[in-house]
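Here is a briefing on a predicted model. Please read it with the sequence and the structure side by side.

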Amino acid sequence: MDLSSINPLVLIASLMVASTPILLAAIGELVVEKSGVLNLGVEGMMIVGAICGFAVAVESGSPALGFIGAALGGAALSMLFGILTQYFLSNQVATGLALTLFGLGLSALIGQGYIGIKPPATGDVNFGPLADLPVLGTILFRHDLMVYISLGLIAGVWAFLKYSRAGLILRAVGESHDAAHALGYNVRTVRLMAIGFGGACAGLGGAYLSLIRVPQWTEGMTAGAGWIALAIVVFASWRPWRVLVGAYLFGGVTVLQLNLQAAGLDVPVQYLSMSPYIITILVLVIISSNRGRASLAAPAALGRVFHASS
Amino acid sequence: MIRLEKRPQPSQFWTAFTPVLAVMLTMVAGGILFAILGKDPFVAIKTIFWDPILGDFAFYYRSQLLVKGAPLILIAIGLSLGFRAGIWNIGAEGQYIIGAICGAAVGLAFYPMEARWLIFPLMILAGALGGFLWAMIPAILKTRFNTNEILVSLLLVYVAEQILASMALGPLRNPEGSGFPGSRNLRQYEAASNQELIANSGVHWGVIAAFIAVILAYVLLNRHMLGFQIRLTGQSPRAARFAGVRPNLLVVFCLGASGALAGLAGMFEVAGPAGQISIDFNVGYGFTAIIVAFLGRLHPVGILLAGLLMALTYIGGEAAQATLGLPAAAIQAFQGMLLFFLLAVDVLSNYRVRIGTTEAA
Amino acid sequence: MNRRTLLAGAALALAMGGTAFAGSHGPTKACFVYVGPIGDGGWTYQHHQGALAVKEEFGDKVEIAWQESVPEGADSERVLTQFALSGCNIIFTTSFGYMDPTNTVAAKFPDVKFEHATGYKREHPNVSTYDARFYEGRAVIGTIAGHMTKTNKIGYIASFPIPEVIQGINSYYHHAKKVNPDVELVVTWVSTWFDPAKEADAARAMIDQGVDVITAHTDSTAPLAEAAKENGAVVGFGQASDMAAFKPSPRVASIIDNWAPYYVKRVGQVMDGTYEQVASWAGMPEGEVVIGEITEAVPPEVKAEAEAMIAAMTAGEYHPFTGPINKQDGTPWLAEGEVADDGTLAGMNFYIEGISGSVPQ
């Protein structure tokens, strides 16, 4: 065993990359849930984003267009969920699960012609001399653009929810749709917009996998990342910066366990593989027991059907 | 202007008719999908919905409907109790796995003893207990620390999957399996096997258990105080508290019951249709059952029918793949569509559609 | 096999009467059961290529049918029965987990031939097994790896500790060590067959720790893509399929599973009536394990050495496990010139001397 072969700086840099897909999907889902909607279809939207982004990038030769296509694809699929839950007032949990099933099937159908192809490469952002800074250079200045966009999204969502009027309305809708409705806000429109944003973010997360993280298309390639994103939102108790912590913690534990193995640490593999989940549960328990009332942070109207009955 | 008006009572007519409507809509939309893929839509739809029930090989498929539907129904019945009370167990898949591991472990521990009267009942107990205890983790964390049960139960699925892999590779591995992962086949060990009770009927103990669960759930919800408390908590948590409902007890009961039933389903599956513990033993029954619970409108009889319908789309879908060369993905998308339509038309049973001018809406 | 299921089988065979074999005058029907989607680009994709080769070879004289993403366990048993009922003459089941279902269904359909990949159970005369000697391919890429590494650290991304994977690890290391005594092997277990993101993470972890040649025993191209980010400093190999998109570097060679010769041979034997039960374990001589193009990134003399080895194995003159080889703890396994027997290889569960770490249980 040679733990000295693990370079902590490199480890941090790789966990940032490994966490980006779930980070993108989770921040989108956070906004959706803040508006009082629980969309369990993240996995489905991610995989549709993965294939849409891949197909657009391959056809156009531009990864940037690919990411835009992925966001549109994810958002389009999320509208199916939006229409069903907001206009047809269907149950959100069941609709979300159905969305995942449908998304997995749809993506595989679209992707039939894209197997074994390499997508156009996405380069890292060139920060010039900054990339050579000791410590910070490795961690902060050697990534691709999407890593920075994901961080920007976190900051943006945080500022939006905390300071903007629109963010206030969104939260009001999530806390009490009846009160928001009485105040004259269009609950349905607000929620549809939130759902669309969530879909776009999930699509971006999926495309990060198919265009950068793995660069390839294979059926079912998200392999459960969407579920992790859902877990991270709750783990973060609906706070944007904690989503960042949660995603990086989760990605970090996964990367660390693989690094420990590569360093020759002889541990039961299955127990290492389950460690990110157990640690997430433990942290969750600590957070909720310390604050006593973790559910306070949860949007009060989460998952409830809204019907303007007046 | 189209407008929805909430019905004071769900419409009996629409509750019965909407599933039929949804299936018809799915046939149209699915037919279009199949036509796009270059297959004859009428043949495809017939293969999925008609052949398994009344086609050439229906004598075989009908029994398979029970084999495929039973675990879905068993798990969904348990979940529906919690869902009615607003307690969200999303991790039935994990409880199903742990139930199967515990059940199989007990059976294998007795190998090769021949005392079916002792071993099989013990396995049933172990399966239910395993699922129950696994569900107690989110239940206790919820009641003690107010930890969100959706998240914990879901995360525990992944933990359970890893335990499954390590069991299949380690303690439960077949010592005569030349180093390959996977346990002994319980179906070849008479005392521990969950056999078909009537030849070629598909009826095994798990099917019986599913039917019993349907009846018990029906009685519980309609005739028992606890059922009343569950329904009341779901409709109005505040009123429930005034009525003396103890929320923590309800959490423990609902999660425990759904965990035990999921564990039972896992145990019957591992001792019967699946036969052995292997790395990929679980195939998503725990997640599909959530959909089944909602399709059945959280009603025991509805769940029974929804479980059979889901089973039909699986079996018919397999037939369509084999005979028509449809990709598995098309069947998945088709199932997704069916669910969307079922969920969408449900609005008709709870709301009245009004067309015309509105008052200030 | 107990009396009850035997009876059930007989009844089933009777019940289907003439229907199933009505088609025996028409084209021969070959059916394939896949564990993953054809679009996995690896394991299942290659089996499907074999199926297509059968159609190519015999044209109208055969009919092929397949089903993808069939879960192991109860579902596979139904799919197999469905195939047998619908008139398949020969059914290939392409995953280890189909072993018991294949034998169970074979008992009920004595006139249908069953071919199970990578298993060892042949309980009935109509069940054959087949597998490929992938470790022959690992020997070649191990040789290349030993020459190509500059850091003297080579990596192996492993899925589950089953004999096939252990053979691969040992063969890879043994041949790298032969040409480069300083080489050190890093094994990372990802505990999955297919999770591109995790495979990429595993490759990244190894690269970060100085590994510069990576081979994977999982199915996606993710490790190669991760290696590609190092601008030529890290190389790897295609696994299962050629993965030509990553030529000439980082993909410097590949191990291709080529099932076509076997499938064509066996279906042909069914057609001309010369079919017999076998336990086939074929490799390079039969063309079942193929090394994809060795690219110009490999120095000519290394390429020549690798090609000489391929030639020797194809001619049957060289066995990758030829002594002297000791087990990990130093105890002798193979004496000078001794060749490993198939029984030991098929159940291989130990590392050879020089590999650090232990086989996970």
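A residue is buried if 20 or more other C-beta atoms lie within 10 Å of its own, exposed if 12 or fewer, and partly exposed in between, with C-beta atoms placed from the backbone. By that rule, buried residues make up 61% of the 361 residues in chain C. This is a predicted model: local features need pLDDT of at least 70, side-chain atom pairs count only at pLDDT 80 or more, and totals for chains, interfaces and linings use all residues. Residues are numbered from 1 along each chain as its sequence is written, while chains are lettered from A and ligands numbered from 1 in the order in which they are written.

**Chain C overall**

- Chain C has eleven helices and 14 strands. Helices (H or I, at least four residues) and strands (E, at least two) are DSSP runs, numbered from the N terminus.
- A compact globule of 361 residues would have a radius of gyration near 21 Å, and the 21 Å of chain C agrees with this. The radius is taken over C-alpha atoms, and the globule rule is 2.2 Å times the number of residues to the power 0.38.
- The C-alpha trace of chain C spans about 65 × 45 × 35 Å along its principal axes.
- Two residues are in contact if their C-beta atoms, placed from the backbone, lie within 7 Å. Among contacts in chain C between residues at least 6 apart in sequence, 65% join residues at least 24 apart.

**The parallel sheet of chain C**

- Six strands of chain C form an open sheet, in the order E2-E1-E3-E4-E5-E11, with parallel pairing. Two strands pair if DSSP finds at least two bridges between them.
- Strand E2 (62-67) and strand E11 (279-282) of chain C are the edges, each pairing on one side only.
- From one strand to the next, the twist averages 20°. Axes here are lines fitted to C-alpha atoms, for helices over the stretch in contact, and angles run from 0 to 180 degrees between N-to-C directions.
- Strand E1 (residues 28-33) and strand E3 (residues 90-93) of chain C pair in the parallel sense over four bridges. C:Cys31 stands opposite C:Ile91 in E3(C).

**The mixed sheet of chain C**

- Another open sheet has six strands in the order E7-E6-E8-E9-E10-E12 (chain C), and its pairing is mixed.
- Its edge strands are E7 (184-189) and E12 of chain C, and each pairs on one side only.
- The twist in this sheet averages 15° from one strand to the next.
- Strand E9 (residues 235-240) of chain C runs parallel to E10(C), joined by five bridges. C:Gly238 has C:Ser254 in E10(C) as its bridge partner.
- Strand E10 (residues 251-257) of chain C and E12(C) run antiparallel, with four bridges between them. C:Asp257 stands opposite C:Val289 in E12(C).
- On E12 (residues 289-292) of chain C, C:Val289 and C:Ile291 form the covered face, whereas C:Val290 and C:Gly292 form the uncovered one.

**Contact between chains A and B**

- This contact takes 41 residues from chain A and 36 residues from chain B.
- On chain A, the elements that give two or more residues are helix H3 (63-86), helix H4 (92-110), helix H10 (225-235) and H12. H4(A) supplies the largest share, twelve residues.
- The chain A side that touches chain B divides into 27 nonpolar, 13 polar and one charged. Ala, Val, Leu, Ile, Met, Phe, Trp, Tyr, Cys and Pro count as nonpolar, Asp, Glu, Lys and Arg as charged, and the others, Gly among them, as polar.

**Contact between chains A and C**

- Chain A gives 37 residues to this contact and chain C gives 30 residues.
- The elements of chain A that give two or more residues are helix H1 (8-34), helix H9 (187-213), helix H11 (240-262) and helix H12 (269-291). The largest share, six residues, comes from H11(A).
- By class, this side of chain A has 18 nonpolar, 15 polar and four charged residues.

- A:Ile47 lies in helix H2 (residues 42-60) of chain A. A:Ile47 is buried, with 34 other C-beta atoms within 10 Å.
- Beyond its neighbours within four places in sequence, A:Ile47 is in contact with A:Gly103, A:Leu104, A:Ser107, A:Gly206 and A:Thr222.
- In helix H7 (residues 165-175) of chain A, the buried residues are A:Leu170, A:Ala172, A:Val173 and A:Gly174. Their cover includes H1, helix H6 (145-163), helix H8 (177-182) and H9 of chain A.
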